[in-house]
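Thanks for coming. Please have a look at the model on the screen, and I will then go through a few of its features.

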Amino acid sequence: MENREQFFDFAAAVGLTKHLGGAEATDELVQLCHIGDGAQVLDVGCGAGVTPVYLAKRHGCRVVGVDISEGMIERSRERAAREGAADTTEFRVADAQDLPFEDGLFDAVITESVTAFPEDKQKAVDEYARVTKPGGYVGLNESTWLKVPPPPEMVAWASQDLGASVKPLTSAEWVGLLEGAGLSDVIARISDINVRDEARGILRRYGLGGMLRVMGRTVSLYARNPAYRSFVKGVRQDGVAPENLDEYFGYGLYVGRK
């Protein structure tokens, strides 16, 4: 992987984004953030639009999804139109550290495997809190070091699997970011990961039809793009999970109230 932009360009091209814990983690985050019918929700780093469309259809929300990648926003709009959620979702390009919204606009702001990327994580979380209504919730699903310091092979695997610029934090550090943004009643729920469960979670999240579309785009991109072939080769060589992965690495759901 040459850089962060290339990683997201490839992910947008095939229409696949992921977060730890899969659909079950999304459902738990929805519950912790008290997201229900009629809620105004912001999904920061919405990727290919799976969560915004799911929230709009399953929970009756009005959802705005933002992502730093124009390609991801295009995929999100395509998904919303295909699944009949175009009227209840909106997508736009935006940076998590500089959200283009007025103060106190959303009932809940959520992120899934996003806030580990920005260099200034406190600035990003401050932005989430700023655009949340008083009494509303900020909820993060983020990669978490369960033990520190992690061994070099664990850091290398995380960089390969999650993105070269990703920087997981400890649970205490994630909680500190929410508290630093002035949020209260902070909840932290930590889980380890199982690589096979994560793979099954991707299938459940996208469905068979969605995965077939992803596979078709992947084959096409592999055939015509030498840079992508090099990227895939690197994943095959370096992407094998360390044996003691679950001892050091997991994810956490972190929720605070404004």
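This is a predicted model: local features need pLDDT of at least 70, side-chain atom pairs count only at pLDDT 80 or more; totals for chains, interfaces and linings use all residues.

Residues are numbered from 1 along each chain as its sequence is written, and side-chain values use heavy atoms, with hydrogens and water left out.

The protein chain has ten helices and eight strands. Of its 258 residues, 50% count as buried. Buried is under 20% relative accessible area, exposed is over 50%, and partly exposed is in between, with a 1.4 Å probe and protein chains only. Among contacts with a separation of 6 or more, 81% are between residues 24 or more positions apart; contact here means heavy atoms within 4.5 Å.

Now the strands. Strand E8, residues 249-257, has eight of its nine residues buried, so it is largely enclosed by the rest of the structure. Strand E5, residues 132-145, pairs with E8 in the antiparallel sense over nine bridges, and there Gly 139 stands opposite Val 255. Strand E7, residues 184-192, also pairs with E8 in the antiparallel sense, over seven bridges. In that pairing Asp 192 has Gly 250 as its bridge partner. Pairing requires that DSSP finds at least two bridges between the two strands.

Next, a helix pair. At what angle do H5 and H7 pack? Helix H5, residues 121-130, and helix H7, residues 171-180, pack at about 50°, with their axes 8 Å apart. That makes H5 oblique to H7. Oblique is what remains once angles under 35 degrees are called roughly parallel, over 145 roughly antiparallel and 65 to 115 roughly perpendicular. The axes are lines fitted to C-alpha atoms over the stretch in contact, and angles run from 0 to 180 degrees between N-to-C directions.

On the H5 side, the residues are Lys 121, Gln 122, Val 125 and Asp 126, and they meet Trp 174, Gly 176, Leu 177, Leu 178 and Gly 180 in H7. By class, that contact has four nonpolar, three polar and two charged residues. Nonpolar covers Ala, Val, Leu, Ile, Met, Phe, Trp, Tyr, Cys and Pro; charged covers Asp, Glu, Lys and Arg; the others, Gly among them, are polar.

Is Trp 174 buried or exposed? At 0% relative accessibility, Trp 174 counts as buried. Leaving aside neighbours within four places in sequence, its contacts include Lys 121, Leu 140, Glu 142 and Tyr 254.

Some backbone points remain. In helix H2, residues 22-32, the buried residues include Ala 25, Leu 29 and Leu 32. His 34 is in the loop between H2 and strand E1 (40-44). His 34 has a positive phi near 55° and is not a glycine, and at 56% relative accessibility it counts as exposed. Ser 113, also not a glycine, has a positive phi of about 55° and sits in the loop between strand E4 (106-112) and H5. Finally, Val 148 and Pro 149 are joined by a cis peptide bond, with omega about -5°. Pro 149 lies in the loop between E5 and helix H6 (152-162).

Key:
Helices (H or I, at least four residues) and strands (E, at least two) are DSSP runs, numbered from the N terminus.
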